[in-house]
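Student: I would like to go through this model with you. Could we begin by placing it in view?

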Amino acid sequence: MRSLFSLTVILYALSPFPAGAADAWTLIDTQRHDELARVDRLQIAADLIGRLDLLLAHIPRQSPREAEKVADRLATLDAPGRSTEHRGRFFLSTAYQHYQLVALLNDARSSLACATAATTEAAEMNCWARAADAYLAEERIDVGVATLRAARLLPRDDDMPRNAQDPRVWYTEFGRGILRRIITPWLAALAAENR
């Protein structure tokens, strides 16, 4: 745990944002639980979107034909005669992992865009909750990234730009941070108002 904290401090110090500006690393600060201002949340969302875009830019586009085949197989997985082994092989296939990882990252991105466009705090928090759900899909991220790397469809971390490195580590931390630094303080403030 100490090494993760030390790594966080070092990476935060290397952040491209000016001192005082909020970014994705703001979510990793486990010592603070105060509510973040809207301007800070917007900066965090922009940083997270930039990181997602960078990672998505390094994942080759799946051909429409292959994506359609995956969608068709998903629609028929519960058909009679489909064995558990058949389902397992499909879910671990490169085609499915490619499809689901891109879908998951796009869901996270659209949820963050939703948060930035929200006109009420309640609507914004709903968007943040959806983003946290996507970021906390730890196994989906882990298996997807590992499968695409094994198939040489995604570069190794060392060959990726800094802000696209280690999604298997940081994305779940960002998800926990969204819960800890954005959603929970807002809910606590809302509960205090309604006493």
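Student: Is Glu173 buried or exposed?

Tutor: Glu173 counts as buried, because its relative accessibility is 17%. Buried means under 20% relative accessible area, exposed over 50%, and partly exposed in between, with a 1.4 Å probe and protein chains only. Please note that this is a predicted model, in which local features need pLDDT of at least 70 and side-chain atom pairs count only at pLDDT 80 or more, while totals for chains, interfaces and linings use all residues. Residues are numbered from 1 along each chain as its sequence is written, and side-chain values use heavy atoms, with hydrogens and water left out.

Student: Which side chain meets Glu173 in a salt bridge?

Tutor: That of Arg176, at 2.8 Å from N to O. A salt bridge here is a side-chain nitrogen of Lys or Arg within 4 Å of a carboxyl oxygen of Asp or Glu. Both residues lie in helix 8, three residues apart, about one turn of the helix. Helices are DSSP runs of H or I with at least four residues, numbered from the N terminus. Arg176 is partly exposed, at 33% relative accessible area.

Student: How many salt bridges are there in the whole structure?

Tutor: A search finds seven. One of them joins Arg41 and Glu124, whose closest N and O atoms are 2.6 Å apart. Arg41 is in helix 2 and Glu124 in helix 6, so this pair links distant parts of the chain, 83 residues apart. Both Arg41 and Glu124 are buried.

Student: And what does Asp53 pair with?

Tutor: Asp53 forms a salt bridge with Arg109, with 2.5 Å between the closest N and O atoms. Asp53 belongs to helix 2 and Arg109 to helix 5, so the pair ties together parts 56 residues apart in sequence. Asp53 is partly exposed at 32%, and Arg109 is partly exposed at 29%.

Student: Changing topic: which residues touch the most other members of the largest nonpolar core?

Tutor: Leu48, Leu112, Trp128, Tyr135, Phe174 and Ile178 do, in a core of 41 residues. Such a core is a set of buried Ala, Val, Leu, Ile, Met, Phe, Trp, Tyr and Cys residues joined through side-chain atoms within 4.5 Å.

Student: Where does helix 8 bend?

Tutor: Helix 8 bends by about 35° at Ile183, and Pro185 follows within four residues. The bend is the angle between axes fitted to the seven residues ending at a residue and the seven starting there.

Definitions and conventions: Helix = DSSP H or I, 4+ residues; strand = E, 2+ residues; numbered from the N terminus.
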